[in-house]
Amino acid sequence: MRVLFKIVPFLLILSCLDTVSNAQNKAIRSRQIGTEGQIVAKVFSNYDKDTRPPVRENADHSSIVVITSIYINSVKWETNTAEVDLYLREQWMDNRLKYDVDVREQIQEVKVPGNRKIWKPDTYFSNGKEISQEGKKSAVVEPSGYVRSSEGRTVVVPVEYQSKFPFLNSISFTLRLSSYNYALEDVAYLWANSPPNAVPLEVSNQLLNSEYSFQEAVAGDCVGNYSVGVYSCIDVVVSFESSCGRALLTVFLPTLLLVIASFLHFWIHGSWSVPRSFSAAFPFLIFASLFVFAPKSAFFVSSGIRVWAIFCLVITFFSLLEYFLVICCGIRRTMKYTNGITAQEQSALTAAQETVELAYNTKCANFRENNGLDIISRVLFPLVLIVFIIVYLVLYLI
C-alpha cells in the first residue's frame, strides 16, 4: 500500500506536466500558423508568378540554377513502354520570396498555400508523354528565399532491352528533363548530389522486390538544341532486371522447338505428303507472320532477339525449299507385286494389282533407294543450327 501511495502522486504529476506541455505546444503552433499567414500575405503582396526570379548579385551567369531529384513510386510495364509514377523534386532561389522571422518563432520554412502560385521553371519530360494529375503538388519557402518544390507526375517513356535479352533479362528507360519555356540563359538544371558522389534518384521499396527489381541509375547532362534556341537538359537512365527463366520459356524455347519441328519431314517418307507439308510449312508461316503482322511485338524487343528471329525465318524457309525440291525431283515409285512372281516399275496401278511400296525415287539424287536430299538435310540442317547457337551464345553472352 505504501508503494501504491507513492506511485499515484507521481503519475498525477506526470499527467499534469504532459497536459501543460501539450497546451504549450498547441499555443506555439497556433502562434506559428498566425506568423506564417502574415509572412505569406506580406511576401505575395507584390509577387508576380509569371516573371522569372532575378539573378543573385555577383553571379557568374544569368541563369536560375534548378537543383533536381526524382523519387519513383511505381512502374507499370508494357511491351515497349513504361508508365512511371514519380515525384519531381526541384529547388531554386527566388529572392522575391525572402522574409525575416524571429528565431524564437522556430519557423524554418513556410508552406505555400494552394491558392498561391509561385514561379516555376516549367519543367517537362522531353522524351515521354506526361499524364497530368492534380492534387499532388507542394512547395515550401525558406527565410533566405530558397524554394523547395515537389510535384507528382506520371509519364510514359519508351523502354530499351539489352541486346543479351532473354539470356540476361535487363531493361531500362530514360527520364530526360528540360524547360518548356526558358532557354539555357534563363534556366539551368543540375542533379542534386551530382555523381559520382551520389545518384539523385530514389525508388520505393516496392521496386526493390518486384518482378523487375531496380538495379542502377546513371545520371548525366544533355544539351537540347532546338530551332528556337538552346535549352538546358539533364537525364537519368534507370535500369531494372529480372529472372531470365521466364523470357527463355516464352521466347527462346518455343522458337527453338518450331525450328526443330521444321526438320522432322526429313525423316518422313516422301509419299506422306500431309505430315511432310505440315512439318515444312507451318514453322515458316509462323515466323513469316511475326515479321509481317507483329514487327513491334514483344518478340522483337531487343537486337539479340531480332537476330535469332531472322535466323529462324531463314532456316525454316530453306527447310520448306528442300521439301519442294524433293517434290520436284520425285517422279515415280518402285512397286512390287504381292504375288511374288514379278516386279516392275510403273507410274500407275490397276485396282486388281495389290502392291507393296519399296522406295521413293528421284532424278536429283538416289542413295540406296532413299531420297538423297533428305539424307543430306538430316545432317546439314541440325549441324547449321548447332553451329549458329554456339556462335550466338558466344556473341551475346561473352
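Q: How do S3 and S6 run, parallel or antiparallel, and how many bridges join them?
A: In this predicted model, strand S3, residues 110–111, and strand S6, residues 137–141, run antiparallel and are joined by 2 bridges.

Q: And which residue in S6 is the bridge partner of lysine 111?
A: The partner of lysine 111 is valine 140, and valine 140 also stands opposite arginine 148 in S7.

Q: OK, S7 then: how many bridges does S6 make with that strand?
A: S6 pairs with S7, which covers residues 146–161, through 5 bridges in the antiparallel sense, and the two strands form a hairpin that leaves 4 residues between them.

Q: Which residue in that turn has a positive phi?
A: That is glycine 145, whose phi is about 95 degrees.

Q: Switching topic, which residues form the nonpolar patch on the surface?
A: The patch is formed by Ile310, Val314, Phe317, Phe318, Leu321 and Leu325, which together have about 500 Å² of accessible area.

Q: Where is leucine 325 found, and why does it count as partly exposed?
A: Leucine 325 is found in helix H4, which spans residues 303–329; it counts as partly exposed because its relative accessibility is 40%, and that value falls between the 20% and 50% cut-offs.

Q: Zooming out, how many helices and strands does the protein chain have?
A: The protein chain has 5 helices and 19 strands, and buried residues make up 38% of its 398 residues.

How values were computed. Residues numbered from 1 in each chain as written. Predicted model: local features only at pLDDT ≥ 70, side-chain atom pairs only at ≥ 80, totals over all residues. Heavy atoms only, no water. Buried < 20%, exposed > 50% of the residue type's maximum accessible area, 1.4 Å probe, protein only. Patch = residues over 30% accessible without salt bridge, like charges linked within 9 Å, V, L, I, M, F, W, Y side chains within 5 Å. Areas by Shrake-Rupley, 256 points an atom, 1.4 Å probe, with all protein chains shown as cover. Salt bridge = Lys/Arg side-chain N within 4 Å of Asp/Glu carboxyl O. Pairing = 2+ DSSP bridges.
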